Amino acid sequence: MTSTAGVAPLAETDVAPETPAETGRRRGRTGYLLLLPGLLWLALFFVVPFYSLVATSLYDPAGSDFRGYEMTWAFGNYVDALQEYWRPMLRSLWYGGLATLFCLVLGYVLAYAIAFKAGRWKNLMLVLVVAPFFTSFLVRTLSWKLILADDGWIVDGLQLLHVLGDDGRLLATPVAVVAGLTYNFLPFMVLPLYASLDKIDPRLVEASSDLYAHPAVGFFKVTWPLSLPGVVSGTLLTFIPASGDYINAELLGSPNQRMVGGVIQSLFTDANDYPAAAALSMVLMVLIVVMVLVYVRRAGTEELL
Amino acid sequence: MSAPVRWLREHLVLVLGLLVLAYTFVPIAVVVLMSFNEPASRNVYAFGSFTLDNWANPCADPSMCDALVRSVEIGALSTLVATVLGTLAAFALVRHDFAGRSATNLLVFLPMAAPEIVLGSSLLALFVATGFSGQLGFWTIFVAHVMFCLSFVVVAVRARLAGMDDHLEQAAMDLYATPAQTFWRVTFPLVFPGILGAALLSFSLSFDDFIITNLNAGTTTTFPMYVWGVAQRGVPMQVNVIGAVMFLVSVVVVVLGEVGNRRRVRART
C-alpha cells in the first residue's frame with residue numbers, strides 16, 4: 001500500500017497565514033477535532049476489544065456464559081488449545097501460504113499484462129479485475145462447489161485425461177480449498193502488483209534490451225526487482241486474510257480440511273468455550289505478525305505503511 | 001513459424017492475462033446460469049430446465065429477503081457513519097499537523113491488516129465482558145461494520161486528498177474566497193469522487209461481510225449468514241438471482257462512474 005499511504009508532501013507555502021509549515025499542513029486544534037470521532041470509534045471497538053480478547057484467553061476455563069468468568073491468569077488455556085488444535089492452525093498457514101503463491105503467479109501475469117500489454121484497454125481490464133468480486137463472496141464460493149462437483153465438467157475432463165482416477169474427486173479435498181482461496185483473494189494480489197508495475201519506466205526495460213540482455217534476463221534483473229514493493233504488499237494482503245478465512249474450507253472442503261478460523265468460530269458460537277477460542281485467536285494473530293515481520297525484514301521493504 | 005504461432009508468441013503475456021481474467025468470471029457465469037435454473041429436485045444442483053420463475057419471484061423464501069433488507073439497512077447505516085468519520089479523519093491526516101500522526105496512521109492501518117476472525121472474536125470478547133452478549137444483533141453488527149469500514153474510507157479519501165493539486169484552493173484564496181467558500185466550492189467538489197468511491201467500497205464490504213458479522217450477530221441474520229445457513233441443506237436458486245443482480249448493479253455503478261469521469265475530464269479541457 002505504498003502508493004496510498006505515503007502522504008504526498010505539498011511543497012507550496014500554505015495558504016493559511018498562521019503557520020507556513022514545511023509540509024504545508026496546518027497546526028492547531030482543528031486536526032484533533034476532525035480526528036477525534038474516528039479515533040474514538042477505533043479505540044473503543046478495535047483497541048479495547050483486543051484487550052478483552054487477551055483477558056478472555058486467560059480466564060478460568062471452567063467458567064461459562066451463564067456463571068460468568070473469573071480472571072485466573074490461566075496460561076494453560078494456550079497449551080490446551082494448541083494441543084488440541086495445532087493441526088487446523090498449521091493447516092491454515094499452509095493453505096494460506098499455498099494460495100498466496102498461486103495468487104502471486106496468476107496475479108503477476110494478469111497485472112503485468114494490464115500494466116504493459118493492455119494499451120488503451122488498461123482501465124477496462126482493471127475494472128474487470130474487481131467486477132466479479134462485487135458479487136457476494138459466499139454466492140461465488142458456492143458456485144465453485146457446483147463447478148468442482150463430482151459429476152461436473154472439470155472432474156469428468158480430468159478423469160478422461162486420467163489425471164484423476166475414476167472415483168477421484170476435487171470437492172472435499174485440499175485442492176478445492178486452496179483453489180477457492182486462490183480465487184477469492186486474487187484481486188488483493190493483482191491491485192498492489194499493478195500499482196507497482198505501472199510505476200516502472202518502460203525505458204529501463206528497453207535499455208536492458210539495447211544492452212543485449214535477453215528478455216528473461218531483463219525481466220529478472222529489471223522488472224522483478226522494481227516490482228518487489230508490490231510483491232511484498234500483495235503477498236501480505238493475500239496471506240493474512242487467506243489464512244484467517246474458513247468459508248472456503250467449510251464450503252469446499254471436508255472436516256479434514258478444517259481451518260483454524262472455523263474452529264475459533266464454533267468454539268465461540270457452538271461450544272461457548274470462550275477462553276479456548278480467544279487463546280486460539282491470539283495464537284493465530286501472533287503467528288501471523290511474527291511471519292509478516294520476518295518476511296518484511298527479509299524482503300527489505302520497510303516503507304509498507 | 002506459422003502466422004498464428006508467431007502472433008501467439010508476441011502476445012503470449014496478454015493472452016495469459018486474459019485467461020486469468022476469464023477464470024475470475026467463471027463462477028459469475030455459473031451464478032447467472034443458475035439463476036435461470038429449475039432444478040430437477042430440491043437437492044440436485046445440476047441444471048434442470050430453463051425458467052424465469054426465480055427472477056419473477058425472487059422472494060419465494062421470505063427469510064432470504066428479510067436477511068437481504070437487513071443487510072442493506074446495516075450497510076447503508078454503517079457506510080454513512082464510517083464515511084463521515086473516515087472523511088473527517090482523512091482531512092486531519094492530510095491537511096493538519098499534530099503530535100502522534102504516525103501512531104494514528106498505524107492505528108488506521110491495523111484493522112485492515114488483522115485477520116477478520118481475530119477482529120470478530122475480539123469484539124465478541126468485548127461484548128461478552130461488558131455484559132452485552134444478550135443484546136447481540138443489529139447494533140453490534142453496525143458497530144463492527146463501522147469499525148472495519150472506517151479504515152478503508154480513511155485510506156481511500158486520504159489517497160484522493162494527497163493526490164490533489166492544491167493550487168486551485170490557493171487560487172480561490174487569492175481571489176478573496178473565505179475558507180468556507182474555498183472548502184465548499186473548490187475542495188469538496190474535488191474530493192467528492194473519492195468520498196463516493198470510499199462509500200461504495202464501504203457498503204460492499206459491509207454487505208458482504210460474513211466472518212465478523214457471524215460472530216457478533218446473535219440471532220439476527222444478514223444475507224451472507226442466510227446463504228451460509230442454506231448452504232448445508234440446499235440453496236434456493238433465488239440466491240443466484242440476488243448474486244446476478246449484485247453483479248449487474250456494480251457493473252452499472254462502475255460504468256456510470258467512468259462515464260461521469262470522462263465527462264468531467266472533457267469539460268475541463
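Here are some friendly notes on this predicted model, point by point.

1. A word on conventions. Residues count from 1 along each chain as its sequence is written, chains are lettered from A and ligands numbered from 1 in the order in which they are written. The model is predicted, with local features needing pLDDT of at least 70 and side-chain atom pairs pLDDT 80 or more, while totals for chains, interfaces and linings use all residues, and side-chain values use heavy atoms, leaving out hydrogens and water.

2. Let me start with the make-up of chain A. It has 13 helices and zero strands, where helices are DSSP runs of H or I with at least four residues, strands are runs of E with at least two, and both are numbered from the N terminus. Read from the N terminus, the order of elements is α-α-α-α-α-α-α-α-α-α-α-α-α.

3. Next, burial and surface. Of the 305 residues in chain A, 50% are buried; buried means under 20% relative accessible area, exposed over 50%, and partly exposed in between, with a 1.4 Å probe and protein chains only. The accessible surface of chain A is about 15,200 Å², and carbon and sulfur atoms hold 66% of that. These areas follow the Shrake-Rupley method with a 1.4 Å probe, and for residues only the protein chains shown count as cover.

4. On contacts in chain A, take the pairs of residues at least 6 apart in sequence: 67% of their contacts join residues at least 24 apart. A contact here means heavy atoms within 4.5 Å.

5. In chain A, one of them joins the side chains of Lys122(A) and Asp198(A), at 2.9 Å from N to O. This pair ties together distant parts of the chain, with Lys122(A) in helix H4 (residues 122-130) of chain A and Asp198(A) in helix H7 (residues 174-198) of chain A, 76 residues apart. Both ends are partly exposed: Lys122(A) has a relative accessible area of 24%, and Asp198(A) has 33%.

6. The side chains of Arg95(B) and Glu169(B) meet at 3.0 Å, N to O. Here too the pair links distant parts of the chain, as Arg95(B) lies in helix H4 (residues 62-95) of chain B and Glu169(B) in helix H8 (residues 167-174) of chain B, 74 residues apart. Arg95(B) is buried at 7% relative accessible area, and Glu169(B) is buried at 9%.

7. Arg101(B) is buried, at 14% relative accessibility, and Asp97(B) is buried at 15%.

8. Ser196(A) is worth a visit in helix H7 of chain A. Its relative accessible area is 9%, so Ser196(A) is buried. Ser196(A) lies 32 residues from Leu228(A) in sequence, yet their C-alpha atoms are 7.8 Å apart in space. Beyond the neighbours within four places in sequence, Ser196(A) is in contact with Leu226(A), Ser227(A), Pro229(A) and Gly230(A).

9. Now for helix packing within chain B. The axes of H4(B) and helix H9 (residues 179-208) of chain B come within 8 Å and cross at roughly 140°. H4(B) is therefore oblique to H9(B). Axes are lines fitted to C-alpha atoms, for helices over the stretch in contact, and angles run from 0 to 180 degrees between N-to-C directions. Angles under 35 degrees count as roughly parallel, over 145 as roughly antiparallel, 65 to 115 as roughly perpendicular, and the rest as oblique.

10. Finally, where the two chains meet. Leu88(B), in helix H4 of chain B, is partly exposed at 29% relative accessibility. Leaving aside neighbours within four places in sequence, Leu88(B) is in contact with Leu34(A) and Pro37(A). Elsewhere, the axes of helix H2 (residues 29-57) of chain A and helix H7 (residues 138-162) of chain B come within 10 Å and cross at roughly 120°. The contact involves, among others, Trp41(A) and Phe45(A) of H2(A), and Val146(B) and Met147(B) of H7(B).

Methods. A salt bridge is a side-chain nitrogen of Lys or Arg within 4 Å of a carboxyl oxygen of Asp or Glu.
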